[in-house]
Amino acid sequence: MATTTAYTATQNEARQAAQSYLDQRLANGLTGRTSTAQPFTIPLIDISPSFSPSLSARKAVALQIRAACTNSGFFHITGHGIPEEVRQEILTMAKRFFKTLPLEKKQALHARHSPYFRGWEDSEYTYVNPGDIGADDAPAETKEGFNWGYEAGLDPTGGDGQYVELDGKVVNGNQWPSEDDVPGFYETIKRYYGPVLELARHLSRLFALSLELDEHYFDEMLTHPGGFGRLMYYPAAKNPQPLDPEVKDKEIGLGAHSDYDCFTILLCSAAPGLEILSPEDRWVPAPAVEGSFIINVADFLMRWTNGVYKSTVHRVVNRTRDERYSVPFFFSINYDQTVETLPSCITPDNPSRYPPVKAGEYILERLRATTKDT
Ligand SMILES: O=C(O)CCC(=O)C(=O)O
Ligand SMILES: [Fe+2]
């Protein structure tokens, strides 16, 4: 975006508030100001009781979710019902895409051709911490990515036919490799995306309960939701270095950031690498737990909950000689939905801090802030 463009209030806020949240959390960690002796452990929540017909069983899971979201905003879930072969199949497909598709074919799918950041990203196209763009001391990121968004054909419900893109346009913004180039790619994405989208809708009902709202409060906002999927590849480390919170890494997979949407459902291959800022603002490793997904609160939900739920600051540093693959799924409400602070998150001590916001407008601006091209 040219510097002469007048930003809307939402665009301004999307850029500035997010950056200052991140900068403040990172600075706290550097000074050790908020550090305590309490070791932080990542909660592991078995959500299988949430599929029970018993409301009290569902509420018991929601209470665990609330405890995690008001603390670090980060937890693992098991008992989610998505078969292991579906999870492994997409990780295998990610490897095939990144390792076998020739560079010129990847270039043809480059995200720079898409106003919605869909397609392939080379390692330097985006800096997920906009503060790192052009900064002398910022290490180059090593990741590669492939991004796609919601399509009614990927939605097991078929959707309501009302999907709009981040900017409100009625288009399908996805770019896919051809079947000849990566056989089975779209079908594999679909086999994974469908159940994960349904899991996201299920989790949103638990989030509603956890926020003392009607269990179906969010349902009508999830009929053609934002569901931004990503395949990620992190090459093996050239010089593996152990995590030392006092030392600035020279090589980084993905810079420090918080996600933009409501929450993220993340699948990781076995190679570790994800690190999160604990509530004490110290970097801690968040290795994959077999069979689980990672769930983390993202900025739109933090804002919507008036800061009650915490968006997790995280980064990826591959400290091993193994390649790492991951599949984040960033879940949002319908992009054309405008929301106001959730009523259950407003109290006399915590009056509403934010004006109404349209989901797509906020998220698109966060994406645009990650590259110098827009
Ligand atoms: O690869 C991962 O484990 C995390 C990816 C991530 O944080 C992101 O794409 O926002
Ligand atoms: Fe992230």
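## Helices on the sheet

In this predicted model, helix H7, formed by residues 359-368, lies across strands S5 and S12. The direction of H7 makes an angle of about 150° with that of S12.

## The open sheet

Eight strands make up an open sheet of mixed pairing, arranged in the order S1-S2-S10-S7-S12-S5-S4-S3. From one strand to the next, the twist averages 25°.

Helix H3 (residues 84-100) also packs on the sheet, where it touches strand S4 (144-148), S5, strand S7 (263-268) and S12. Its direction is at about 110° to that of S12. Within the sheet, S5 (residues 225-234) and S12 (residues 324-334) are antiparallel partners joined over seven bridges. Pro225 has Asn334 of S12 as its bridge partner.

## The surroundings of ligand 1

The shell around ligand 1 consists of Arg230, Met232, Leu254, Asp259, Leu266, Cys268, Leu274, His314, Val316, Ser326 and Pro328. By class, seven of these residues are nonpolar, two are polar and two are charged. At least two residues of the shell come from each of S5, S7, strand S11 (314-316) and S12.

## The annotated domain

An unreviewed UniProt entry lists residues 217-333 as "domain: Fe2OG dioxygenase". Over these residues the chain is 5% helix and 38% strand.

Terms used: Residues are numbered from 1 along each chain as its sequence is written. Chains are lettered from A and ligands numbered from 1 in the order in which they are written. This is a predicted model: local features need pLDDT of at least 70, side-chain atom pairs count only at pLDDT 80 or more; totals for chains, interfaces and linings use all residues. UniProt positions are given in the numbering used here, feature names are shortened, and annotations may be inferred rather than shown by experiment. Helices (H or I, at least four residues) and strands (E, at least two) are DSSP runs, numbered from the N terminus. Two strands pair if DSSP finds at least two bridges between them. Axes are lines fitted to C-alpha atoms, for helices over the stretch in contact, and angles run from 0 to 180 degrees between N-to-C directions. Two residues are in contact if their C-beta atoms, placed from the backbone, lie within 7 Å. A residue is near a molecule or strand if its C-beta atom, placed from the backbone, lies within 6 Å of it. Ala, Val, Leu, Ile, Met, Phe, Trp, Tyr, Cys and Pro count as nonpolar, Asp, Glu, Lys and Arg as charged, and the others, Gly among them, as polar.
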